[in-house]
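Student: I am new to this structure. Can we go through it step by step?

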Amino acid sequence: MPKRRDILAIVLIVLPWTLLITVWHQSTITPLLASRKDKDESSDSSSNSRNTFALKESCSLQEPDIVEVVRTEYVYSRPPPWSDVLPTLHIITPTYSRSVQKAELTRLANTLLHVPNLHWILVEDSQRRTSLVSRLLRETTLNYTHLNVETPRNYKVRGDTRDPRIPRGTMQRNLALRWLRETFSGNRSQPGIVYFADDDNTYSLELFEEMRSTRKVSVWPVAFVGGLRYESPKVNTLGKVYGWKTVFDPHRPFAIDMAGFAVNLRLILYKPQAYFKLRGVKGGYQESSLLKELVTLHDLEPKAANCTKVLVWHTRTERPVLVNEGKKGFTDSTVEI
Amino acid sequence: MATRMKLKLKTVFVLYFMVSLMGLIYALMQLGQRCDCTEHDMPKDRTISRLRGEVHRLQEQMKKAEMTKSPQKQPVKAPQPTIFVITPTYARFVQKAELTRLSQTFMHVPQLHWILVEDSPHKTPLVTDFLAKSGLTYTHLHIATPKDRKLQEGDPSWLKPRGAEQRNEGLQWLRDDGRDQQAAVVYFADDDNTYSLQLFEEMRGTQRVSVWPVGLVGGMRYERPVVEGGKVVRFHTGWRPSRPFPMDMAGFAVSLKLVLANQDACFDGNAPMGFLESSFLQGLVTMDELEPKADNCTKVLVWHTRTEKPKMKREEALQAQGLGSDTAVEV
């Protein structure tokens with residue numbers, strides 16, 4: 001009957017158009033939604049980052065949000081400015097107790113204080129978070145997250161040596177990655193860059209700005225590694241990485257030092273199974289164990305003027321020889337160094 | 001009527017089909033444009049330059065905050081005394097790295113004037129460029145250590161006192177400069193030590209010579225002056241405590257007034273090991289005149305860290321083959 005036909009005709013005409021229009025709108029609206037979510041997430045994460053976390057404890061310790069710089073005669077640092085536009089740099093630093101620890105963390109903190117939108121994830125190799133590090137982090141007024149995980153010790157060997165089969169810092173870096181995945185799991189478009197910074201290296205401020213524009217994984221030269229003045233990726237005229245300028249095993253999938261690359265947080269979240277391999281990793285292959293899960297050689301982004309400038313130095317601090325302490329300890333052990 | 005309706009419907013459908021087909025093609029083209037990289041690279045470049053602008057803006061903001069915050073904190077209305085930091089340095093692999101991280105600490109300290117003295121017959125381009133980019137107030141000097149006093153390759157670091165000529169050059173510059181900064185303080189900072197920011201505020205109020213503990217020195221966790229009744233009575237050190245001033249270079253600061261009043265006080269490059277500091281301080285002050293800082297010398301605010309010499313075996317091997325890493329790249 002005519003009426004039904006008319007109705008049918010109208011429905012058939014209108015339906016696909018509505019479908020088309022909804023699809024059309026979705027594609028234009030989602031970028032807006034993402035950016036709004038970004039703003040909310042970044043403000044949430046900045047306040048969260050100032051609290052301390054312990055994944056293993058059931059009730060997480062939430063220290064009061066330290067926004068005000070404590071105005072005493074001695075504190076001359078203030079939190080680096082937080083911008084809504086810049087991607088956050090998540091700097092993962094494993095650390096362990098030794099006599100130079102406080103000195104190393106102090107000067108690294110002095111460096112990091114210059115970098116805007118930085119979030120320091122300090123992971124201690126210890127059974128519980130030490131007061132030395134907790135106090136140091138509080139006093140720097142950086143945005144930080146304080147974690148800890150102990151590398152299992154090799155009880156078979158006499159003494160206090162850690163399991164030599166697990167490269168140093170691996171469990172700590174993996175814990176930080178896990179923390180990032182658990183904290184940012186909800187929102188995949190949170191802009192952030194992840195960088196592994198050891199506590200004894202030296203970083204120029206330019207490096208942090210170079211890594212901020214990382215889309216997947218960016219790379220650059222590192223000084224004093226592999227027995228060379230510097231190791232660097234080989235970059236062709238098209239600006240793509242095609243090899244590694246190293247002497248020590250240049251055929252590794254990623255012949256690069258821990259300090260020589262940064263990963264976009266999105267990629268870390270997108271590949272939740274990617275971690276540093278704990279055991280059975282040959283010397284120098286640790287970085288490859290993570291990077292091969294994340295990216296291919298072709299996708300690497302060379303920074304530092306197409307890998308011609310050295311912006312990070314793999315310095316190592318001498319172990320102080322405390323000969324004069326003697327067996328009982330000459331100095332007062334309550335004085336913290 | 002039925003045929004008309006039919007016709008109407010048919011034409012409507014045909015028309016609609018054509019229109020929607022064209023619409024879908026257009027929509028697909030719009031969605032497909034994501035693969036068109038050239039059009040998307042520009043927004044990315046724009047984003048990058050926008051981010052760079054943002055970073056620059058924030059860095060300017062931070063610099064401004066650094067400069068304005070100190071007058072707010074000072075209870076005294078007079079301008080803060082300047083701290084003149086004399087650092088001797090010499091060319092080696094880790095020099096640029098050491099100076100970089102040292103400058104990053106100094107950038108936090110207001111009213112700091114860095115006097116960097118190279119152990120070199122002339123100013124090196126590495127240090128010159130570095131200082132120009134550092135953003136600090138600086139004076140760049142140089143003086144070469146005479147050959148007989150210089151450590152040779154393979155000598156242990158403690159064999160000869162180092163940096164004496166360079167520190168004296170720094171002192172001489174201060175004396176010649178004739179600036180009217182009577183309240184200023186002079187501190188000798190080596191380029192491989194680690195300094196906390198608190199230390200500089202402790203030393204700012206030095207009237208004659210102030211002292212404090214130094215960590216990781218003298219083969220001990222720390223060395224320090226022992227304070228009783230607000231005065232230094234002796235020194236807690238594991239090595240040769242009978243020295244006139246058994247402390248490290250990083251453990252004291254001198255007021256500029258005292259330096260200018262004693263034009264002859266300088267470091268004796270021929271002094272026996274460990275006596276370099278004493279050779280300078282002996283003529284300036286006595287033990288009971290020392291001003292203890294750092295909470296009556298109970299806190300460690302400076303550490304005598306030393307950086308390992310990087311292993312260059314492969315580099316040396318390559319250089320022997322003429323394949324060394326590009327020397328044009330500054331490390």
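Student: In which strand does Thr139(B) lie?
Tutor: First, the ground rules: this is a predicted model, where local features need pLDDT of at least 70, side-chain atom pairs count only at pLDDT 80 or more, and totals for chains, interfaces and linings use all residues. Residues are numbered from 1 along each chain as its sequence is written, chains are lettered from A and ligands numbered from 1 in the order in which they are written, and side-chain values use heavy atoms, with hydrogens and water left out. Strands are DSSP runs of E, at least two residues, and helices are runs of H or I, at least four, both numbered from the N terminus. Thr139(B) belongs to residues 137–142 of chain B, strand β3.

Student: Is Thr139(B) buried or exposed?
Tutor: Buried means under 20% relative accessible area, exposed over 50%, partly exposed in between (1.4 Å probe, protein chains only). Thr139(B) has a relative accessible area of 10%, so Thr139(B) is buried.

Student: Which residue joins Thr139(B) in a polar contact of 2.6 Å between side chains?
Tutor: Thr139(B) touches several residues (heavy atoms within 4.5 Å), including Trp114(B) and Trp173(B), not counting residues up to four places away in sequence. A polar contact is a pair of N or O atoms within 3.5 Å; within protein, one must be able to donate a hydrogen and the other to accept it, and residues adjacent in sequence count only if both atoms are side-chain atoms. The partner of Thr139(B) in that contact is His113(B).

Student: How many salt bridges does a search of the whole structure find?
Tutor: Side chains of opposite charge can pair when their charged atoms come close. A salt bridge needs a side-chain nitrogen of Lys or Arg within 4 Å of a carboxyl oxygen of Asp or Glu. Over all chains, the search gives 18.

Student: Asp190(B) and Arg167(B) form a salt bridge. How many residues apart are they?
Tutor: Their N to O distance is 2.9 Å. Asp190(B) sits in the loop between β4 and β5 of chain B, and Arg167(B) in helix α5, so the pair links distant parts of the chain, 23 residues apart.

Student: What is the relative accessibility of Arg167(B)?
Tutor: Asp190(B) is buried, with a relative accessible area of 14%. Arg167(B) also counts as buried, at 3%.

Student: Glu289(B) forms a salt bridge with Arg208(B). How far apart in sequence are the parts it ties together?
Tutor: The closest N and O atoms of Glu289(B) and Arg208(B) are 3.7 Å apart. Glu289(B) lies in the loop between α8 and β11 of chain B, and Arg208(B) in the loop between α6 and β6, so the pair ties together parts that are apart by 81 residues.

Student: How many salt bridges does the rule find across the interface of chain A and chain B?
Tutor: One of them joins Glu308(B) and Arg316(A), at 3.1 Å, N to O. The interface total is 2.
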